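Me: I've got a model open and I'd like to learn how to read its features. Can you walk me through them?

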Amino acid sequence: MAVFTSLCREDVVRLLAHYSLGELDHFEGIAAGIENSNFFVDTDGGRWVLTVFERLTFKQLPFYLELMRHLARAGLPIPAPQENRAGGLLSELRGKPAAIVTRLAGQWERAPTPAHCAQFGTLIAQMHLAARDFAAFQPNLRGIGWWKSTLPKLEPHLPDEQFQRLAEEVIHQDSFFRNPTFEKLPAGPVHADLFRDNVLWVEQDGQPQVGGVIDFYFAGCTLWLFDLAVALNDWCVDLSSGQIDAPRAQALLDAYHAVRPLTELEHRAWPTVLRGAALRFWISRLYDLHLPRPAQVLTPHDPTRFEQLLAVRASAGTLPWVN
């Protein structure tokens, strides 16, 4: 998304020579996000997205790409990684891992309605069920281990009071992860970054339809409930206050539950997982703000939104759940 590795036309032409995707017509950098370098690539054989990976390694990347291929083959609207002529999903470009996936149609929805949330809830559950037989395992690399290791790096950059709040929540979440109940919660491969701008919508017969879910490069194996919490914290809230919009939240939860029934154990864990989903993005946005990497196109997200969201979740009484 952000462009850390700049490419020229000759770079892309040389890369495409290792694929059967047609001759290059046009390419351009995508000025969004903060993790990888992404480019739209149009050839006479189709439209694609080229990603140059800035942090993930050749060893880590097969999990993400194979998960995407697994879900796409299950008939879900997921970008399909393309094989190079050697039969691999990964290539090398400028000394870094690179992959090409199909470019899906649509635009992300800035103001989702309960109807959008219901469709999306159904799709999240379908993704979880489709991934049950995905054999590869990789932990959530932005999970509790990363939160704990990142905390001391942030301390010099934060006011004492703010750092204390952050540290207390990490301790709270660590206790949850260490509780034996955690291991009993339904889990498997999750997307882990289901924000509005990672879901594309198209119009069909005058109605919005999901065109695709993109950016799987934070995926990992953890609680299925975590995906639902990330989604609710973004799709079903007033972004200025963090307060939950009940109709949207109910639509998301009920649609998910209709496909993959949520358990009583998940109900009890729900407040803590919602807090964990807010914490994850507060930490990562603080990290990107205070410890940035150089990039040609980079706009760090404001961490204040998730600091506020965590405070609201920590003080919440009754939270939406399935009917």
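Me: What should I know about the model itself before going on?

Reply: It's a predicted model, where local features need pLDDT of at least 70 and side-chain atom pairs count only at pLDDT 80 or more, while totals for chains, interfaces and linings use all residues. Residues are numbered from 1 along each chain as its sequence is written, and side-chain values use heavy atoms, leaving out hydrogens and water.

Me: At what angle do α4 and α8 pack?

Reply: Axes are lines fitted to C-alpha atoms, for helices over the stretch in contact, and angles run from 0 to 180 degrees between N-to-C directions. Helix α4 (144–154) meets α8 (264–290) at about 40°, and their axes are 10 Å apart. That makes the pair oblique, as under 35 degrees is roughly parallel, over 145 roughly antiparallel, 65 to 115 roughly perpendicular and the rest oblique. Contact means heavy atoms within 4.5 Å, and the residues involved include W146 and W147 of α4 and R280 and Y287 of α8.

Me: How do I read a sheet?

Reply: Strands of a sheet pair through backbone hydrogen bonds, either parallel or antiparallel. The pairing rule is at least two DSSP bridges between two strands. Here, five strands form an open sheet in the order β1-β2-β3-β5-β4, with antiparallel pairing. Its edges are β1 (24–29) and β4 (91–93), each pairing on one side only. Five bridges join β1 to β2 (37–43), with G29 opposite F39. Helix α1 (9–16) lies across β1, β2, β3, β4 and β5, at about 120° to β1.

Me: Which residues of α9 are buried?

Reply: Buried means under 20% relative accessible area, exposed over 50% and partly exposed in between, with a 1.4 Å probe and protein chains only. In α9 (304–314), the buried ones are F306, E307, L309, L310, V312 and R313. They pack against α5, α6 and α8.

Me: How many disulfides are there?

Reply: A disulfide is a covalent bond between the sulfur atoms of two cysteines. The cut-off is a pair of cysteine sulfurs within 2.5 Å, and the count is zero. C236 is in none, with the nearest cysteine sulfur, on C117, 3.9 Å away. C236 counts as buried because its relative accessibility is 0%.

Technical notes:
Helices (H or I, at least four residues) and strands (E, at least two) are DSSP runs, numbered from the N terminus.
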